[in-house]
Amino acid sequence: MSTTTEETAQAESAFLELHKGRQQSTQAPEAVKELNQAGIQRFELLKFPHSKHEMFTYVRTVDTVATPYALAGPEAVSKEFIESASYSACEQTRLVLVNGFLNEELSNTEGMNGVKVSGLSEALGQAEVRDYLRSGAENENDVFASLNAAFFSEGIFIDVPADTALKSPVLLLCISTGGEKPKASFPRLLVRAGRGSESNFIVKFVGQRENYLVDAAQDFILEENSCVGLTQIQADLGNSRHFCKTRVRQKKDSRFNLIGSLSGARLARDHFECRLQEPGAEMSMKGVTVLRDEEQAHRFIRIHHEAPHCVSEQNFKNVINDQGRSSIDGTVIVNQGAQLTRSDQLINNLMLSDGAHADGKPNLMIFADDVKCTHGNTVGQIDGDQLFYLQTRGLSREAARSLLTTSFAQSIIESIPHPEAVADLNDTLLKKLEAKNG
Amino acid sequence: MLEIKDLHAGFEGTEIIKGVDLTIKKGEVHAIMGPNGSGKSTLSKVLAGHPDYEVTGGTVTYEGKNLLDMEPEARALEGIFMGFQYPVEIPGVNNSEFLRMAYNARLLYKDPDAEEIDPLDFEEILDAKMKLVEMDHKYKERFLNDGFSGGEKKKNEILQMAILEPKLAILDETDSGLDIDALKAVSQGINRLISGENAVILITHYQRLLEYIQPHFVHVMSAGKIVKSGEKDLALQLEAQGYDWLTAPAT
Ligand SMILES: Nc1ncnc2c1ncn2[C@@H]1O[C@H](COP(=O)(O)OP(=O)(O)OP(=O)(O)O)[C@@H](O)[C@H]1O
Ligand SMILES: [Mg+2]
């Protein structure tokens with residue numbers, strides 16, 4: 001039997017091989033290939049995590065990386081499948097990425113009033129964009145994000161001009177097609193929100209057939225006084241692997257509001273990194289996770305307060321049944337000089353079975369003296385007094401239990417500003433609870 | 001309607017209710033007063049079936065049935081309503097949806113072949129009842145008691161009672177924390193309920209409530225027992241003299 005170290009070393013060579021072959025055959029433009037090269041170099045330095053890696057304290061990735069993948073191409077997807085996963089409010093603001101490749105036929109950008117959508121390769125013509133992505137790839141600290149940089153071939157750039165307000169949310173549908181043999185895809189998104197602009201995005205991950213690895217990366221650059229809302233829905237198929245790194249950079253007085261749901265998978269891991277770079281920037285992140293069977297979902301979060309007068313708020317609710325595993329490793333870093341920082345972080349876990357497992361590590365690193373920061377992590381079962389209260393109103397114990405469980409998750413879901421996404425999650429994410437309770 | 005005989009109950013081995021006898025007939029209003037910690041809330045929770053409290057002796061018969069054998073929801077469906085001294089906050093549960101669920105549970109219990117009420121029809125009932133307790137419509141869409149002020153929570157209890165139309169209401173300090181207008185509204189709600197067929201147990205510290213609702217009997221609870229029972233003027237006497245004259249010899 002091979003050791004973990006040998007296994008990861010083999011996996012690293014496998015990915016290097018895959019990359020070599022791809023660099024020779026790909027049609028991607030030079031500018032993209034250069035970035036890919038920077039990505040793979042970073043990958044070689046970072047390497048896959050061993051058991052004690054500080055970024056993967058609660059996550060085992062060995063069997064994920066040791067799986068032999070082929071690169072997924074821009075395969076065909078039926079219109080019906082797209083319709084079932086889409087929202088009608090986004091009919092004219094829809095971008096469909098199949099295995100990371102933009103499918104123009106299934107996309108519709110008519111409603112994007114003035115917002116520029118282009119391939120990343122095109123955007124790389126702008127020095128600013130090129131420098132940003134390049135330094136991002138060279139300084140990457142997450143090995144899975146470095147793999148994305150190494151393998152992405154197209155990606156999307158959304159440029160919201162200054163003082164523009166986008167009426168409808170932009171839906172980015174990330175579809176993995178899966179198949180007989182395991183396939184890997186690398187969706188890539190870059191959003192620049194111009195000064196004083198207002199825009200909303202829904203990024204949704206779904207799978208057509210099982211057996212895939214989706215390794216995504218997305219960046220949101222918020223210029224002064226801009227406002228960006230992001231609803232992220234991870235709804236991958238059960239035995240898939242999902243990775244996503246989100247980077248947010250916020251300028252003066254900008255606001256970023258994220259609500260993310262994780263439905264879990266064989267392995268799902270979200271890495272979120274936000275830098276509040278100038279005074280008055282505010283961010284809020286809410287998350288809901290519902291797991292059953294042996295599903296896993298992990299969050300790794302780093303919020304950097306780099307300027308004074310910034311606010312960050314985080315609130316997570318995880319419901320874990322059966323043998324599910326969840327973790328949240330989240331640190332708020334308040335730099336020296338970032339006075340009058342306000343930061344709250346709250347994690348609540350609701351455990352529905354003895355085999356369920358939740359790790360929570362909310363953490364604060366404060367290098368300024370005038371700050372107001374709180375953090376907390378709770379792990380609990382259903383509250384007996386709440387259960388009793390509902391029973392005294394005539395609800396059966398089972399009905400009361402089910403109501404309390406779904407409402408725990410719903411308190412996050414209901415705060416999503418897009419009714420169709422709320423209905424979608426009420427139908428899908430919460431169904432997972434009913435099936436077990438019923 | 002309700003007959004409590006020599007009831008003993010406690011919490012984790014500590015006896016709190018130490019032999020309570022109480023008989024309540026249809027159409028009666030009973031007020032229970034008594035010092036803090038005397039066991040009034042515990043008694044009401046035992047009657048509602050809270051699983052944390054253990055009954056160690058005595059019997060409770062409700063409409064000819066052994067109440068202590070019934071699950072909390074069965075007691076509720078059979079017509080017992082308890083208004084909590086500290087109503088529980090349940091974030092995430094929509095107030096009006098919850099009320100509709102409770103209404104439907106009752107409906108289907110009475111007639112298993114009945115259909116659930118049409119949401120729009122329920123809305124009408126709800127609007128009328130909210131008007132009755134002078135509650136603003138915005139509370140419909142709030143989460144159940146979540147972030148409600150003390151008085152708002154109490155009004156919400158009365159709203160639930162008005163919707164569920166219980167046979168026996170046990171109201172634990174529903175008057176505490178209410179301003180005078182709210183108190184009048186709540187009293188009206190209670191008075192409408194006492195329509196000959198129903199009965200009410202009012203747990204209160206204040207004579208004030210009893211100006212709006214005429215109790216047939218007033219009981220004083222002390223150290224887990226009912227130490228004195230009388231009529232309406234007992235409440236006045238208690239307000240003037242306190243409990244010391246009653247409780248001193250008990251210990
Ligand atoms: N769950 C519990 N755990 C521990 N002690 C309890 C519990 N419930 C009741 N007690 C104790 O039992 C006694 C009676 O409490 P109870 O709440 O019934 O009093 P009360 O008469 O309602 O008082 P108040 O007028 O303050 O509402 C108190 O000493 C209380 O501390
Ligand atoms: Mg009490």
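This is a predicted model: local features need pLDDT of at least 70, side-chain atom pairs count only at pLDDT 80 or more; totals for chains, interfaces and linings use all residues.
Across all chains, a search of the whole structure turns up 34 salt bridges.

The C-alpha trace of chain A extends over about 70 × 55 × 45 Å along its principal axes. A compact globule of 438 residues would have a radius of gyration near 22 Å, and the 21 Å found for chain A agrees with this.

Two salt bridges within chain A make a handy pair of examples. In one, the side chains of Glu17(A) and Lys20(A) come together, with 3.6 Å from N to O. Both of these residues belong to helix α1 (residues 4-25) of chain A, where they sit 3 residues apart, about one turn of the helix. In the other, Asp159(A) is bridged to Arg192(A), and the closest N and O atoms are 2.9 Å apart. This pair joins distant parts of the chain, with Asp159(A) in strand β5 (residues 156-160) and Arg192(A) in strand β8 (residues 188-193) of chain A, 33 residues apart.

Chain A itself is split into domain 1 (4-278) and domain 2 (384-438). Taken over C-alpha atoms, the centres of domain 1 of chain A and domain 2 of chain A are separated by 31 Å. To their contact, domain 1 of chain A contributes 13 residues and domain 2 of chain A contributes 11 residues. About 970 Å² is buried between the two domains of chain A, and carbon and sulfur atoms account for 63% of that area.

Polar links also cross this domain boundary. Between domain 1 of chain A and domain 2 of chain A there are 5 residue pairs in polar contact (both at pLDDT 80 or more). The count of salt bridges between these domains is 1; Lys204(A) pairs with Asp424(A), their closest N and O atoms lying 2.8 Å apart. On the domain 1 side, the elements of chain A that supply two or more residues to the contact are β9 (198-207), β11 (227-235) and β13 (255-262). Sorted by class, this side of domain 1 of chain A holds 7 nonpolar, 5 polar and 1 charged residues.

The C-alpha trace of chain B covers about 60 × 40 × 35 Å along its principal axes.

The two chains meet through 32 residues of chain B and 17 residues of chain A. Interface size is often expressed as the accessible area lost when the parts come together. For chain B and chain A the buried area is about 1900 Å², with 70% of it on carbon and sulfur atoms.

Charged and polar pairs can be picked out here as well. The interface of chain B and chain A has 1 salt bridge, in which the side chains of Glu157(B) and Arg393(A) meet at 2.8 Å, N to O. Across this interface, 10 residue pairs are in polar contact (both at pLDDT 80 or more). On the side of chain B that touches chain A, the elements giving two or more residues are α1 (40-48), α2 (72-77), β6 (80-83), β7 (90-94), α3 (95-110), β8 (143-144) and α5 (150-164) of chain B. By class, the residues on this side of chain B comprise 21 nonpolar, 6 polar and 5 charged.

Note on methods:
Residues are numbered from 1 along each chain as its sequence is written. Chains are lettered from A and ligands numbered from 1 in the order in which they are written. Side-chain values use heavy atoms; hydrogens and water are left out. Domain bounds come from an automatic or database domain assignment. Contact means heavy atoms within 4.5 Å. Buried area is the accessible area (1.4 Å probe) that two parts lose on being put together, summed over both. A salt bridge is a side-chain nitrogen of Lys or Arg within 4 Å of a carboxyl oxygen of Asp or Glu. A polar contact is a pair of N or O atoms within 3.5 Å; within protein, one must be able to donate a hydrogen and the other to accept it, and residues adjacent in sequence count only if both atoms are side-chain atoms. Helices (H or I, at least four residues) and strands (E, at least two) are DSSP runs, numbered from the N terminus. Ala, Val, Leu, Ile, Met, Phe, Trp, Tyr, Cys and Pro count as nonpolar, Asp, Glu, Lys and Arg as charged, and the others, Gly among them, as polar. The radius of gyration is taken over C-alpha atoms; the globule rule is 2.2 Å times the number of residues to the power 0.38.
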